[in-house]
Structures are given as structure tokens and as C-alpha cells.
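Here are a few exercises to work through with the structure open beside you. Try each task before you read its solution.

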Amino acid sequence: RAEENLGSTEETSCWVCFATDEDDRTAEWVRPCRCRGSTKWVHQACLQRWVDEKQRGNSTARVACPQCNTEYLIVFPKLGPVVYVLDLADRLISKAGPFAAAGIMVGSIYWTAVTYGAVTVMQVVGHKEGLDVMERADPLFLLIGLPTIPVMLILGKMIRWEDYVLRLWRKYSNKLQILSSIFPGIGCPVPRIPAEPSPLADHVSATRILCGALVFPTIATIVGKLMFSSVNSNLQRTILGGIAFVAIKGAFKVYFKQQQYLRQAHRKILNFPEPEEA
Ligand SMILES: [Zn+2]
Ligand SMILES: [Zn+2]
């Protein structure tokens, strides 16, 4: 050690424990960074303790000199083959974790969609017929076709055709005077054009779209059975039920929205009440 310090007038001392060369002649010294002067040298053991404190158990964390910010070069003894393989496996597993989780998520959603599609096919065309159709179909076609059923239902639910009907209605409202005897206020001229609600405030929540879309085949089946019991084909009956449901619900929605619109248009702002004289 003495020869390394040759030419230096400074005494070698450890910046962790402040002990000098004289205090412990057997201690191992290290010069881990670019520092010069009194913080150049440090005991190997002292620096190890200091690094342990900095790393807080994370043995791969980078540690740098607090003075000159040089990153310490830390080397580990070579691992035995068994420990090496175990270490590699551990690292691979922790790297693959998020991908595996994402894959499982996507897979679950996909298989849920396939199951939903199959249940819907059986519901719409009838249990036995549905099974027959799916057994005869190409498996690849089923794997792609069945999950598109819920996707199409959700996309269909997102089309807001009632808004287009409403817009047309308002455009040609003066030609709809006849209808105003049935639905009050439909064809009347509007005294004021209310501000349209911003699309953001008017937006329908995602859960509502999802639930509405996925429940739709069940509702179509029920409505079909109630309204078109004379139709023998399950498929035709459900399609008719679906169309009837969409039309009736749409009509109510359009009517409700138009009433809200008229309520806005006919609103009045009152005079502030005068203070009563005593
Ligand atoms: Zn020391
Ligand atoms: Zn340094």
C-alpha cells in the first residue's frame, strides 16, 4: 500500500471511518472513484457497508460516489453453473411476468367473447339448431366468427341513430304539424334554439354501452317471443323482436330528447322579487 501512496504527503485515511493506514495495517484499501485528496481512499470493508446501506437489499442497484458521482465498479465472483441457471431463470421469469399477465388477460377476454358468441348463436337460432350449425361450421370460422358477435353488438350499440332522426325531425318539424295532435309540442315552432349539449357531457358511459350491447340478444329473444309468437323460425322471430325493440326504444328516446329540447327552448327567466314594504 505504501508504494501506491509514494510521493503523496497526505496521510491515507478512510472517508467512512476516518481511520488511517497506521491504525490498521492489515485492512484492505480501495480507490473506487475519481476523487483526489482526503476522500480518495476508503476501506474495502467500510465501502461495502456503505454500499449495502445505499442499495437497501437491491444487489443490482447502481451506487455512485457521493462526492464525484463516479459509479462504483462492483464485480461479483463467478457463479457456479447451477446458481447461474437459477439466477437466469429468475430474471427471465420476472421479465416475462407482465407479458404473461397481459397474454392471459387477452386470452381470457377472447375466450369470453367466443363463449358469448356461441351462447348467443344458440339463443337466437334455438339451442339444438345452434349446436348443429356450429358443429357443421369450419372451426377456424367459428374461432373468428364467434368473438366478432359481441364486437359487432358493441359497435352497433355505439351508432347513435336516434340523434340523426332527431336532427331530421327538427329540420322538417314544420311539416310534421299533423303529428302534434298525438304528441304535444312536436311540430310547434321553437321560440329559441337551445344550445346543443356538448358531445362530452352527453356521452353515454362505456359500461352502459357494454351492458346494453351484450343484453340485446336476450331482449330481442324475449320481445320476439312476446310479439311474434306466430313466427315459427327462431332466427326470424328474434330478428323481428330485435328490430321491434330497437324501433320502440328509439322512438321513446327521440320523443324524450325532443321534450327536453322543447323544455329548454320554452324556458323563462323570472324577475327578481321586489322587497316587500313593511
Ligand atoms: Zn474505514
Ligand atoms: Zn469520488
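**Exercise 1.** Find what share of the contacts in the protein between residues at least 6 apart in sequence join residues at least 24 apart.

*Solution.* Start with the rule: two residues are in contact if their C-beta atoms, placed from the backbone, lie within 7 Å. Among the contacts that qualify, 55% join residues at least 24 apart. Keep in mind that this is a predicted model, where local features need pLDDT of at least 70, side-chain atom pairs count only at pLDDT 80 or more, and totals for chains, interfaces and linings use all residues. Residues are numbered from 1 along each chain as its sequence is written, while chains are lettered from A and ligands numbered from 1 in the order written.

**Exercise 2.** Work out how many helices and strands the protein has.

*Solution.* Count DSSP runs from the N terminus: helices are H or I with at least four residues, strands are E with at least two. You get seven helices and two strands, in the order β-β-α-α-α-α-α-α-α.

**Exercise 3.** Describe how H4 and H6 pack.

*Solution.* First, the angle: H4 (residues 139-158) and H6 (residues 206-227) pack at about 120°, with axes 8 Å apart. Axes are lines fitted to C-alpha atoms over the stretch in contact, and angles run from 0 to 180 degrees between N-to-C directions. Next, the label: under 35 degrees is roughly parallel, over 145 roughly antiparallel, 65 to 115 roughly perpendicular and the rest oblique, so H4 and H6 are oblique to each other. Last, the partners: Pro150 and Leu153 are among the H4 residues that meet H6 residues including Ile209 and Phe216.
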